[in-house]
Each structure stands twice: as structure tokens, then as C-alpha cells.
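Please walk through the model below with attention to its pockets, its cavities and one of its sheets.

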Amino acid sequence: MSNPYPQSLQMHIDGEWIDVGDRDVHQVINPATGNAIADLPKANKDDLDRALDAAAKAFPMWRDTPVAERAAILHKAADLMRDRAGDMGKLMTAEQGKPVGQATGEVTASAAHFDIMAEEAKRCYGRVLVRPAGQNSFVKYQPVGPVAAFSPWNFPVFTPIRKLAPAIAAGCSIILKPAEETPASAIEMMRCLQDAGLPAGVCQIVFGDPGEVSSHLIASDVIRKVSFTGSVPVGKHLTKLAAEGMKRTTMELGGHAPVLVFDDCDLEKTLNLTAMQKYRNAGQVCVSPTRFYVQSGVYDKFVEAFAERAAKVAVGDGFGDGIEMGPLANPRRPSSVGEMIEDAKIKGAEVKLGGNRQDKDGFFFDPTVLSHVPLDAKIMNDEPFGPVAVMRPFDKLDEAIEQANRLPLGLAAYAFTSNLHIANMVGDAIEAGMVGINNLTVSPGDAPFGGVKESGHGSEDGPDGLKAYMVTKAIHQA
Ligand code: NAD
């Protein structure tokens, strides 16, 4: 694989790499400079039909391929990704902006998903039910069929691999549309699969106009399952399209993670963990710690010390030495985050740090801390998806839980306390798919990852993530 970033990118359909040719083009932008760096082909209807035909043709072959062979290909692809992580990380930094160390780490951590799903698929045991002698009833899990998957730009390898790995391990074929903004690292993941021996047609990668691609694919009789990671409005739209054909869906949508900081927590540890994680990937993380509810006894101290740490975050081009936070990923983000901060200020929030788009090329934004943010501020209700921590004090446990649960979202939630009773109460009472207690790591790969309420439905990762690509069948023999 070559670096720097290739000037022209390709799609992958039925084992073939497809150039721009006479297709419409999407220009990929480097968010650290705002400059166009590559042309990406946009699929036309013929391309999409070809991808559907390929997925339909490959499905029975792949479904009937022994699981050990499927697993061996996934393990090989994981090894190739680890070997190529340095180069893939550089592509990701050029197209998405995150620091190159974080980008390389994303590739390496993502490779583990191929390994995990390869092993889960081998152990996807069914059940034998108790019946009188001579009769048998079995429960079996079978691959659901060809999948249409759509992944976003914030984690250009981590979000698509959470769909590719379980689909391929389960025996499904798949058509993936990664985000047009961050295509090259997903393309290189496809190359790892191909070089590992994945047969033609099992996995296709297409790009295009997101609305046109998703409506065309989801309407096709070939597609039996839809998986999406992205915003709530788009998730609702795709769920409606899938409902027309009663197709199964996995929807990993936005969050607005509450962080409950209790007086009795280990304050240094809490500050170090949360201030570091808040600005990872410039806050463009669906499980980013965002709404900080801090108990009154430590509120002032926490806000000051958090802002001091945030002020030290080194912001710049992700290729620079020692850079901890890159630009936001696209020009929509600084405008959206800036508008939310202005709204919060007008409604009475105090700016403790930052608050502005940085005055240079690219889409850089200050690490920002807002204190005493009113509940009616837009930023307390809509996911900021940027480098902003919003803080409010609370007094009692019940009040903290009520605040944590007040939004229609429920992806991740966090609490910091050394009181076992509080930890247990928070773990049980918070409406979220994942709860981190004294811990911000909620996506280890072997545990279910997904939301409740408007944050979506269905789990990715671990055994639940594999089953999301399978149907359950009961067979009764008399
Ligand atoms: P958006 O809603 O336009 O797009 C979100 C993602 O969905 C993008 O990857 C986009 O390519 C894709 N998309 C959009 N319309 C689609 C369609 N009709 N069919 C298929 N895919 C489609 O928003 P955006 O400006 O990219 O991001 C805005 C918000 O989305 C963020 O503020 C955040 O709340 C949310 N988001 C969440 C995640 C996540 O990990 N859950 C990732 C990215 C964005």
C-alpha cells in the first residue's frame, strides 16, 4: 500500500476494484487543511445492481463454507490489518483528522473484531429440546442473508468492522457503504479481506449519494438485514425503509452520555480519565463523556481542575508530534458546535475554557468547558459531537439519576463513586445500553454495544453482535 493518500479511490464489487471512470465524483477533504485530496467514485444504479447480484450469488456459497474456513480468513485479515496498521493509520489521519497514534491504535484495536467474531462463529451452538424417545426438536442459528450496512466518518475502521466482522463470520454476504468523507481506510480493510482469501462477492464496498444508495439497496429483495451507525434522524429514516420489507435492523445512533461525579469519588483519577477521554477524537464519539453532573461538594474544584487539564490538550494537525486532538472531521462540525455554544452562553452558561473555532485553515475547534449550563440550552439536549464538556451541579443521588435519564437518548452513561450502594443503584437505574462505573471503557469487543430509547436497538460486538446477523430456526422431527 502506498502513502501519501491516493489521488483516486475505488469501489469493490464482486471481487473487482472499480475506478472513477465516467462516474460522478465525491471529493475527499483533509480536515486539517480544508483541501481536497482525492476523488472518490459514486456508484450509479448499475453499480448498485451489480453489487446486489454479487451479494445474492455469493450468499449460498459463503453460508455453506465451513465455519473453520470462514474463521481462518477472518484471522488472516486481522493479521494483515495489524501488519498494515501504520499505513492505514496515516490514511485515516489524512481523511479524518485524528492524531496518527490514535488512528493507528484504532486499526489495531479493530483487527481484534475479526478475531473475536471468527471465534464466536465457531461456538454459535444451537439447542436440542427435551422430547420423547424417537422425536427430536432442534433450535439452529442460520445466517440472515445479504446485508446492507452504512457506517459513519468518526471511526472510519472501527464502525464498519463492527458490521463486516459479524456478517462475514455468520456466513452472510454484505454491501458496505462507508462514509464518503473517510473512504480510504475502509477500502484498505477490504483489501486485507481480499488478500486474506475472502471469495469475490462476499463483501462489496460502494460509495455514492447516501440517500440514493440506502434507498436503492434497502428496497431490493436481495437485502435481508440493514445495519446503520450514525445520527438519530437518519436511523429513523432507514428503519422506516427497512420496515417496508420487514427487514431486520441494527441501529447504533447517537448518545449524550451523562457522567455522574459523586463527592466520594477518587477525584484525581476521575479528572485524569474524563478530561483525557472527553477530547479523544475531538469529542466526535457516540459514547463520549459529555453531560457532567457533579455533586455540589466537589463541583467548583472539579470544574476548575477539569478546565486546567483541558487547557493542556495539544491541538493541531494529527501528523504533528505530540498532538492529542486534531481538527473536527468536516466543515459541518465547527458550525454546529459553535452554534450550540453561543446558544448556551445566551441562556446563561459560563465559558470556563475555549468556546471558539480556531483561526486557522482546517476545521479546528478549542477544547471547551461550559459550567452551570441551563437545562433548556440546546447543548444539554442535543448531542454536541465535539470537544465540549457541559457541567451542572447536583445534590442528591435521585436528582442525578433523574437528570441522567431525562433525555430520549440512552447509549452510554458513566458514574464515579467509591460508594458501593451508589454504584449499584446507578448501574441499575440509568437508562443506557452501557454503564461505566469508575471506568470509561465500554466497547471492549466481547461485550454487547448498543443503545436504548432513541439511541437505537440491537447490539453490536460479542455473541449478541454475531446473533444480530442470524435467524433462529426450530426443526421438529416426529
Ligand atoms: P448525518 O445525519 O447527515 O449523517 C450521519 C451518517 O449517516 C453519515 O455517515 C452519513 O453518510 C450517513 N447518512 C446520511 N444520510 C443517509 C442516508 N439517507 N442513508 C444512509 N446513510 C446516510 O449527520 P452528520 O453531519 O454526518 O453527523 C451529524 C450527527 O450524526 C452528529 O452530530 C452525531 O450526533 C451523529 N453521528 C453519530 C455517529 C455515531 O457513532 N453514532 C457517527 C457519526 C455521526
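**Pockets, a sheet and cavities**

The lining of the second largest pocket divides into nine nonpolar, two polar and four charged residues; here Ala, Val, Leu, Ile, Met, Phe, Trp, Tyr, Cys and Pro count as nonpolar, Asp, Glu, Lys and Arg as charged, and the others, Gly among them, as polar. This is a predicted model, in which local features need pLDDT of at least 70 and side-chain atom pairs count only at pLDDT 80 or more, while totals for chains, interfaces and linings use all residues. Residues are numbered from 1 along each chain as its sequence is written, and side-chain values use heavy atoms, with hydrogens and water left out.

The volume of the second largest pocket is about 270 Å³. Of the 15 residues that line this pocket, Cys124, Tyr141, Gln142, Pro143 and Met470 are the closest to its centre. On a 1 Å grid over the protein atoms alone, a pocket is an open set of points with protein on both sides within 12 Å along at least five of seven lines, a cavity is a set of points where a 1.4 Å probe fits but cannot get out, and lining residues have an atom within 4 Å of a point. Grid points are joined across faces, edges and corners, and a volume is the space filled by probe spheres set on the points.

At least two lining residues of the second largest pocket come from each of helix H3 (100-122), strand S6 (136-143) and helix H4 (158-170). S6 gives the largest share, four residues. Helices (H or I, at least four residues) and strands (E, at least two) are DSSP runs, numbered from the N terminus.

Next comes the sheet. Seven strands form an open sheet with mixed pairing, in the order S14-S15-S16-S13-S12-S18-S19; two strands pair if DSSP finds at least two bridges between them. Strand S14 (350-353) and strand S19 (434-437) are at the edges with a single partner strand each, so one side of each is left without a neighbour in the sheet. Strand S15 (residues 368-371) pairs with strand S16 (residues 388-394) in the parallel sense over three bridges, and Val369 stands opposite Ala389 in S16.

The cavities remain. The whole structure holds three cavities of 30 Å³ or more, and the largest cavity has about 50 Å³ of space. Its lining has 14 residues, of which Pro258, Arg291, Ala404, Leu409 and Gly410 are the closest to its centre. Strand S12 (257-261), strand S17 (409-410) and strand S18 (412-416) are the elements that give two or more residues to this lining.
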